[in-house]
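Student: Could we go through part of this structure together, one question at a time?

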Amino acid sequence: MLLFTHPAMLAHAPPGGHPESPARLQAVLDALQALPLERRAAPLADRAAIARVHPERYIEALENAFAEAADALVQLDPDTYVGPGSREAAYRAAGACVAAVDAVLGGEEELAFCAVRPPGHHAEPISAMGFCVFNNVAIAAMHALEAHGLSRVAVIDFDVHHGNGTQTVAEREPRLLFASTHQAPLYPGTGLAKETGVNHNVLNAPLPPGAGGAAWRAVMEARVLPALDAFAPELILVSAGFDAHADDPLAQMALGDEDFAWAGRCLRAAALRHCQGKLVSTLEGGYDLPALARSASAYLGALQRV
């Protein structure tokens, strides 16, 4: 498995006490030392790749914010800040996902993981949101469709918060399947089961606070995995958020480490059925550092063992 990351992502520093801290990424990287991963430096995403999701006016507005943030933190939304190290981190986070798609579709490896921050799945095409600046997984999906000529790309999102930004891209793009499990009610308040996209290519499976591994696995088996099989993707992308863990402070679901390992086994098996094993995962949420580290390691270890 390839691991795309870069130390510049540790320099993206929101205010002290902010849950999306550099320590999150460091905890994941430390935990992954024990796994046989080939590390690669995440490149800067080029503007053309980003512009498939975010229009030029948004990119220009961000560039202005990055320039202002050279001297002080700039607040993009109630939860999202950029500072002196944020520009490079954001461009490398998106670039990691693009490079991972290139490597996997180019036949270098079947699996890749992008250990990145800032995360991406809340970023809307024209607005930063929920700690997210660029929508990394949506950029990767559109790159696979447009640069590689794929016809069907699936994005599976098991972060505890609904990936509203990714859904916005998918719901008008029939070549994308977006399937999400998430807690509801919870931030950002989207992700109702009735939201189905332009071609019934959006599947939302909300779960109530307190839902544990048995309930989550049941929804995955009854709805998400059958939808994935019916879509028969040529590439699977995963928004791998680990904040549905019982120990996470920002939500109230109750998954354990082994639930994420189970997800790894199921998604790897689906990738082997439909797309020669090609699967790229990218880090989203997870805010209890020990739980995040264990869960990410369990998920990636299970992916490799199938």
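Student: Which residue of β10 does phenylalanine 113 stand opposite?

Tutor: This is a predicted model, in which local features need pLDDT of at least 70, side-chain atom pairs count only at pLDDT 80 or more, and totals for chains, interfaces and linings use all residues. Residues are numbered from 1 along each chain as its sequence is written, and side-chain values use heavy atoms, with hydrogens and water left out. Strand β10 (residues 279–283) pairs with β5 in the parallel sense over four bridges, where strands are DSSP runs of E of at least two residues, numbered from the N terminus, and pairing requires at least two DSSP bridges. Within this pairing, the residue opposite phenylalanine 113 is serine 281.

Student: Which residue stands opposite cysteine 114 in β5?

Tutor: Strand β1 (residues 2–5) runs parallel to β5, joined to it by three bridges. Opposite cysteine 114 stands phenylalanine 4.

Student: Which residues of strand β5 are buried on the side that holds Cys114?

Tutor: In a regular strand the side chains alternate between the two faces of the sheet. Strand β5 (residues 111–114) is covered on both faces, with Leu111 and Phe113 buried on one side, buried meaning under 20% relative accessible area with a 1.4 Å probe and protein chains only.

Student: How many disulfides does the structure hold?

Tutor: A disulfide is a pair of cysteine sulfur atoms within 2.5 Å. Cysteine 97 is buried at a relative accessible area of 1%, and cysteine 114 is buried at 0%. The number of disulfides in the structure is zero.

Definitions and conventions:
Buried < 20%, exposed > 50% of the residue type's maximum accessible area, 1.4 Å probe, protein only.
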